[in-house]
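Please consider the structure shown below. The paragraphs that follow lead through its sheets, helices, cores and ligand shell in turn.

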Amino acid sequence: MTVGDASESAGKARETPATGFPRHEQTFPSLTSAEIARMRRFGDVRTFRDGECLFQTGKPGPGMFVVLSGNVAITQRDGLGHITPVIDQGPGQFLAEIGQLSGRVALVDGHAKGDVETLLIPPEKLRALLVAEADLGERIMRALILRRVNLIQAGVGGPVLIGPSNSTSVAGLQNFLIRNGFPHHLLDPEKDHDAAEMIARYSPSPSDWPLVVTIDGTVLRNPEERQLARALGMIGGPRGEKIYDVAIVGCGPAGLATAVYAASEGLAVAVLDSRAFGGQAGASARIENYLGFPTGISGQALAGRAFTQAQKFGADMMIPMGAKSLDCTRKDGAFALSLDGGDELRSRAVVVASGARYRRPKIENLAKFEGRGVWYWASPVEARLCADQEVALVGGGNSAGQAAVFLSGHARKVLMIIRGGGLAASMSRYLIERIEATPNIELMFNAEVVALSGDDRSLERVRWRSRLSGAQETADIRNLFLFVGADPATGWLEGCGVTLDRGGFVVTGAQSDLNLGRPVSALETSVPGVYAVGDVRSGSVKRVGGAIGEGAQVVAALHGFLGDAKAAL
Ligand SMILES: Cc1cc2nc3c(=O)[nH]c(=O)nc-3n(C[C@H](O)[C@H](O)[C@H](O)COP(=O)(O)OP(=O)(O)OC[C@H]3O[C@@H](n4cnc5c(N)ncnc54)[C@H](O)[C@@H]3O)c2cc1C
């Protein structure tokens, strides 16, 4: 289904530029002729006639263009046909944003204004330039990041989501795009003329929210995350016959650290994640104990930097893409991962960094309301749904405490429901003090949520039970946050020979029965060539710092294994 020319607004140009650029000098720097001369060895000269297209929204970008002469008009276009001027770039300026590091789809259009001569630097050469030319590379990299940030903040360059801003399914899809750093724009039919027009035309039922209009005008009704990712060209990386040195399953802190260190040391790296980069840490509103960030940093910001860094060193990021199983028979010396959608990925070594999945306590109707009022994380998207409401939050650990403090800034009241009789044993002192000092957080000890109810679309009521008296209470609560820990995500390793402990975590080093008598690295599993890092590993510390440290450490073991395998050929 496409919008086609039926949308009256199609093709209409908006007069005003899309954005003001807060750090203009850094976002659109000019290169000197000496700098351009140094860049020439990385690219080829390409010329364009007046009006010709250099790159097009929604189509894979050919790389970074440096303008040698003439001018290029950059415009933004959405699936509803709105075209908005962004900026003109002239001699000495360059055209790219962060997606060009890996040849992802362009998020803006570029057209020659008069005849134009450029230097085109393709993605792999662009990455080489950033590494080889440190000072120049830093300026270019900063500009590429700021440009993406601008696109995200302006909400343009990606799909248009149409639906009520207080709808939980709209929030779910928005959260997916935000977690993946992909720009999008939300139009509420109650406030926006174009959105109302689309509603009149497609008459969606409430279960169709949101309508998603992609750049080419295709209209999707409440698509699944992977369907949307495919439609937007988000999933990158060559596969096919390529055999990687290492496949990393999981793109949380442990997988990201492995990717950065392995790729920067010259290994061919593929990274998979079934949902988004950042893992559990990506759900943390503020990480305060990670070295070097005295004022704290949001998990999304920390992971976003690492994600960009891994791409700079050439890691192929395939997200969202889950590993379904691992074949360790090593035909032709390579492991085989079977992926969502039936694809296969082959690599000489594998790093298991699949972390943990949120635990689902026994609560009546829990599954029915997941993503419709039941949340396992608390980001600004969910916080918006809680404005001036009473919300409930289950859990007594640090992640629960962080979330409660964050939500207390948005909700009228946060009711914390805790199984135990206190917080001291499970939560850091600084968080307990913060909670005690926050008047709209109410603590309820010795209690557990037992049932949820509502209509087909959203949660309306939460029932809980006192563990002391057995008495039950129900309250009108439309948003329930669960922070009750996580179980290891190791189902995909079933049958491949990797030893798991009783809790399902991956056993590494001499701990594994199968490894006794064999000299092994501390992070190697019972299958030579398969390593485990971060929360998924038995005995790991379950902290961002620990996961990142293990990601750095495993790379030495990878070099050793790959070196031995090569020598044995
Ligand atoms: C809300 C919250 C707040 C936190 N705050 C802090 C804090 O302040 N300080 C601190 O030190 N720690 C904190 N933690 C803990 C910290 O986030 C974790 O220790 C850390 O994220 C572990 O990193 P990891 O890479 O090992 O695993 P994870 O972060 O769990 O990442 C694993 C990734 O693997 C992916 N995956 C799983 N299975 C598959 C599969 N089959 N195929 C492909 N991909 C798969 C998942 O989608 C996920 O993205 C917090 C955790 C939470 C939930």
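In which sense do strand β20 and β21 pair, and over how many bridges? Strand β20 (residues 413-417) pairs with β21 in the parallel sense, over four bridges. Two strands are said to pair if DSSP finds at least two bridges between them, and helices (H or I, at least four residues) and strands (E, at least two) are DSSP runs, numbered from the N terminus. This is a predicted model, in which local features need pLDDT of at least 70 and side-chain atom pairs count only at pLDDT 80 or more, while totals for chains, interfaces and linings use all residues. Residues are numbered from 1 along each chain as its sequence is written.

Helix α12 (398-408) is mostly covered, with 10 of its 11 residues buried. A residue is buried if 20 or more other C-beta atoms lie within 10 Å of its own, exposed if 12 or fewer, and partly exposed in between, with C-beta atoms placed from the backbone. Among the buried residues of α12 are N398, G401, F406 and L407. The buried residues of this helix pack against α11 (380-385), β19 (390-394), β20, α13 (429-436), β21 and β25 (480-482), where contact requires C-beta atoms, placed from the backbone, within 7 Å.

The chain is assigned domain 1 (4-154), domain 2 (160-227), domain 3 (243-357 + 494-568) and domain 4 (366-484); such bounds come from an automatic or database domain assignment. The C-alpha centres of domain 1 and domain 4 lie 45 Å apart.

The ligand is surrounded by 38 residues, the closest being G250, G252, G279, G355 and G534; a residue counts as near if its C-beta atom, placed from the backbone, lies within 6 Å of the molecule. Two or more residues of this shell come from each of α8 (253-264), α12 and α14 (544-568). Domain 3 and domain 4 each supply at least three residues.

The largest nonpolar core has 130 residues, and V269, V271, A310, V352, L393 and L407 have the most contacts inside it. Such a core is a set of buried Ala, Val, Leu, Ile, Met, Phe, Trp, Tyr and Cys residues joined through C-beta atoms within 7 Å. Its largest share, eight residues, comes from α8. Apart from it lies another core of 32 residues, including F42 and V72.

A further group of strands is antiparallel. Strand β14 (residues 323-327) is joined by four bridges to strand β15 (residues 335-339), where L337 is the bridge partner of L326. Four bridges also join β15 to strand β16 (residues 344-352), and there L337 has L345 as its partner. β15 and β16 form a hairpin with four residues between them, and G341 in the turn has a positive phi of about 85°.

Key: Two residues are in contact if their C-beta atoms, placed from the backbone, lie within 7 Å.
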